[in-house]
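Good morning, and thank you for making time for this item. I would like to take you through one structure, and I ask that you keep the view open while I speak.

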Number of protein chains: 2
Amino acid sequence: MEYEQLKLDNQLCFRLYTAARLTMGAYHPYLDPLGITYPQYLVLLVLWEQDKQPVNDIAHKLFLETNTVTPLIQRMEKAGLVKRTKGKEDTRQRIVSLTKKGIEMREQAKHIPECLSADIIKNEGSVEEISQMIPTLDKLIAGLKQQLNNKQINN
Amino acid sequence: MEYEQLKLDNQLCFRLYTAARLTMGAYHPYLDPLGITYPQYLVLLVLWEQDKQPVNDIAHKLFLETNTVTPLIQRMEKAGLVKRTKGKEDTRQRIVSLTKKGIEMREQAKHIPECLSADIIKNEGSVEEISQMIPTLDKLIAGLKQQLNNKQINN
DNA sequence: TACTTTTGCATCGTGAACGATATAAATAAG
DNA sequence: CTTATTTATATCGTTCACGATGCAAAAGTA
């Protein structure tokens, strides 16, 4: 039993990793028609809540690094969903704003969350049980983020 | 309130996606010294439980596609952790087996799960609360996998 | 004011993920 | 026993994700 803990069955992270990938996969039928990927959808969610944000703010809200978000947004710009302008007070900043196409996509995306809930109900039963994970996941995320920040200070 | 559901705060998948990424990040301090990545660690977990498996079995256990696992294992082979031999009954199969180095790494990796638990306790408090998510995640994963299989039949 | 440090973003390289496609071997069908 | 289909793996192209590095603007310091 010396290696008991090294069993796949006992690993939480493996489940998070798998659940995240498969859930992202479940978005495919709804995002493909819009021509966007799941991370791009997340960027749109952020901008639909508040337009005209610098790259850094978007990255921060998504817990991503700017070197992930920058090319992501460049692809979205090429697709005509957003445009980037230089910041006025701080010229280092690149303010990302929605184009007409990006704004209009909100209407087309409106029903995606309920579609996904429906898909989950269809196969797994209760959304309630799954929703109960949310506060725990939030605590986990907050703690891991904390840990990451601590490490960056020590370097 | 028409777009209420499109808020990031209301999205389960976003949390899974974030929690998975950050948890994988928490493995870095333990995997970097071994020179492996998290997905490579998962492949090793599978092989430590049972050596000499075809690519397909490994992919299936990790809920991954073979076109993800093949290059992953090729990199591990280049790193001297595994070797690949042709299957004897079925020559299409590539049997993946651990090298001496791959076997020995188990000993070095033995304490990683408890280290990670300790890290989580340090910052988030209870591992119990987090462990309670496991059956729900398993149900979610099983349901999503089911949905994916259904779709493949319809094509 | 001149110099140093920090900050915001971009670029590069590597390793996943995965859809699409290819190829050869195994299996099924005729 | 051919021919058709399925299966196991591999290759290719695109998009993430992120560490490392670069660079210019802003902020802090002497």
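This is a predicted model: local features need pLDDT of at least 70, side-chain atom pairs count only at pLDDT 80 or more; totals for chains, interfaces and linings use all residues.

In total, 25 residues surround DNA strand D. The closest are Thr37 and Arg75 of chain A, together with Tyr17, Arg84 and Arg92 of chain B.

Which helices supply at least two residues each to this surface? From chain A they are α2 (38-49) and α4 (66-78). From chain B they are α1 (12-31), α3 (55-61) and α4 (66-78).

What part of the strand faces the protein? Of the atoms of DNA strand D within 4 Å of the protein, 74% belong to sugar or phosphate, and the rest to bases. Individual contacts illustrate both kinds. On the phosphate side, a polar backbone atom of Asn56(B) lies 2.7 Å from a phosphate oxygen of DNA strand D. On the base side, a polar side-chain atom of Arg92(A) is 3.2 Å from a base nitrogen of DNA strand D.

I turn now to the largest pocket. Its space amounts to about 500 Å³, and 23 residues line it. Nearest its centre are Arg21(A), Met24(A), Gly25(A), His28(A) and Leu148(B). By class, the lining has 12 nonpolar, 6 polar and 5 charged residues. Both chains take part: α1 (12-31) and α2 of chain A, and α8 (133-153) of chain B, each supply at least two lining residues. The greatest contribution comes from α1(A), with 8 residues.

Finally, the sheet in chain B. Three strands form an open sheet in the order β1-β3-β2, with antiparallel pairing. β1 (53-54) and β2 (82-86) of chain B each have a single partner strand, so one side of each is left without a neighbour in the sheet. As a general point, strands of a sheet pair through backbone hydrogen bonds, either parallel or antiparallel. Here, β1(B) pairs with β3 (residues 94-98) of chain B in the antiparallel sense over 2 bridges. Within that pairing, Gln53(B) stands opposite Val96(B) in β3(B).

Thank you for your attention.

Methods. Residues are numbered from 1 along each chain as its sequence is written. Chains are lettered from A and ligands numbered from 1 in the order in which they are written. Side-chain values use heavy atoms; hydrogens and water are left out. A residue is near a molecule or strand if one of its heavy atoms lies within 4 Å of it. A polar contact is a pair of N or O atoms within 3.5 Å; within protein, one must be able to donate a hydrogen and the other to accept it, and residues adjacent in sequence count only if both atoms are side-chain atoms. Helices (H or I, at least four residues) and strands (E, at least two) are DSSP runs, numbered from the N terminus. On a 1 Å grid over the protein atoms alone, a cavity is a set of points where a 1.4 Å probe fits but cannot get out, and a pocket is an open set with protein on both sides within 12 Å along at least five of seven lines; lining residues have an atom within 4 Å of a point. Grid points are joined across faces, edges and corners, and a volume is the space filled by probe spheres set on the points. Ala, Val, Leu, Ile, Met, Phe, Trp, Tyr, Cys and Pro count as nonpolar, Asp, Glu, Lys and Arg as charged, and the others, Gly among them, as polar. Two strands pair if DSSP finds at least two bridges between them.
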